[in-house]
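Open the model in your viewer and keep the sequence panel beside it. This tour says what to select at each stop and what is there.

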Amino acid sequence: MKMINKYANLIPYLYFIAVTLYWFTDINRSEGITAYPILLFVVPFLWQILKPNKTLNLTLGITFICLSSYMIIAYLSDLMNIASITLVKGFIFYGGIFVFLNFAMSAWIIRNSLKRTF
C-alpha cells in the first residue's frame, strides 16, 4: 500500500507528460519539425519526477490551475453558444473530460506541494 501511495503522487505529472506528447504527435503529423518546441513543456514535469522541488511544484500547480480555470470558462461559454448539440456531442464529452481533468490534476499538484516534504 505504501508503494501505491508513493507512486500515486506522480499521476498528475505523468498525465501532463502524456497530454504534451499527444499534442506533439498530433501537431507533428501536420506541421512537421516545427512541433518540436512543444516537447519543452515536458521538461518541468520530468524534473519534478526525477528531482522534486517544492517551489517548482507550487509554481506548476498555480500556473496550471489558472490555465485550467480559463479553459473551463472558455469551454462553458462555448457550450452555451452551440446551436446543434447532436453534431458535436463527441467534442462536448471529450472536451469536457479534458478540461475538468486538467483542473483536477492541477489541484492535485498543488495538494502534493502543500502536503509533501521535499
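Start with the term pocket. On a 1 Å grid over the protein atoms alone, a cavity is a set of points where a 1.4 Å probe fits but cannot get out, whereas a pocket is an open set with protein on both sides within 12 Å along at least five of seven lines; lining residues have an atom within 4 Å of a point. Grid points are joined across faces, edges and corners, and a volume is the space filled by probe spheres set on the points. The largest pocket here has a volume of about 370 Å³.

Two notes on reading the model. It is predicted, so local features need pLDDT of at least 70 and side-chain atom pairs count only at pLDDT 80 or more, while totals for chains, interfaces and linings use all residues. Residues are numbered from 1 along each chain as its sequence is written, and side-chain values use heavy atoms, with hydrogens and water left out.

**Stop 1: the whole chain**

Show the cartoon. The protein has five helices and zero strands. Helices (H or I, at least four residues) and strands (E, at least two) are DSSP runs, numbered from the N terminus. Now colour by burial: buried means under 20% relative accessible area, exposed over 50%, and partly exposed in between (1.4 Å probe, protein chains only). Of the 118 residues, 26% count as buried. Contact means heavy atoms within 4.5 Å. Among contacts between residues at least 6 apart in sequence, 69% join residues at least 24 apart.

**Stop 2: the pocket lining**

Select Val19, Trp23, Phe64, Phe98 and Asn102. Of the 14 lining residues of the largest pocket, these lie nearest its centre. Helix H2 (11-31), helix H4 (54-80) and helix H5 (89-115) each supply at least two residues of the lining. By type, the lining has eleven nonpolar residues, three polar and no charged. Here Ala, Val, Leu, Ile, Met, Phe, Trp, Tyr, Cys and Pro count as nonpolar, Asp, Glu, Lys and Arg as charged, and the others, Gly among them, as polar.

**Stop 3: the rings**

Show the aromatic side chains. Rings of Phe, Tyr and Trp (its six-membered ring) pair if their centres lie within 6.5 Å; planes under 30 degrees apart count as stacked, over 60 as edge-to-face and the rest as tilted. The count comes to seven aromatic pairs. One of them joins Tyr15 and Phe16, edge-to-face, at 5.2 Å centre to centre with 70° between the planes. Phe16 is in helix H2 and Phe64 in helix H4, 48 residues apart. Both Phe16 and Phe64 are buried.

**Stop 4: Asn102 and Ser68**

Go to Asn102 in helix H5. Its relative accessibility is 5%, so Asn102 counts as buried. Beyond four places in sequence, Asn102 contacts Tyr15, Phe16, Ser68 and Met71. Move to Ser68, in helix H4. At 1% relative accessibility, Ser68 is buried. Leaving aside neighbours within four places, Ser68 is in contact with Asn102, Phe103 and Ser106.

**Stop 5: Val42**

Finish in the loop between H2 and helix H3 (43-50), where Val42 lies. Is Val42 buried or exposed? At 9% relative accessibility, Val42 counts as buried. Not counting residues up to four places away, Val42 touches Ile17, Thr20 and Leu21. Draw a C-alpha to C-alpha distance from Val42 to Phe16: 7.7 Å, across 26 residues in sequence.
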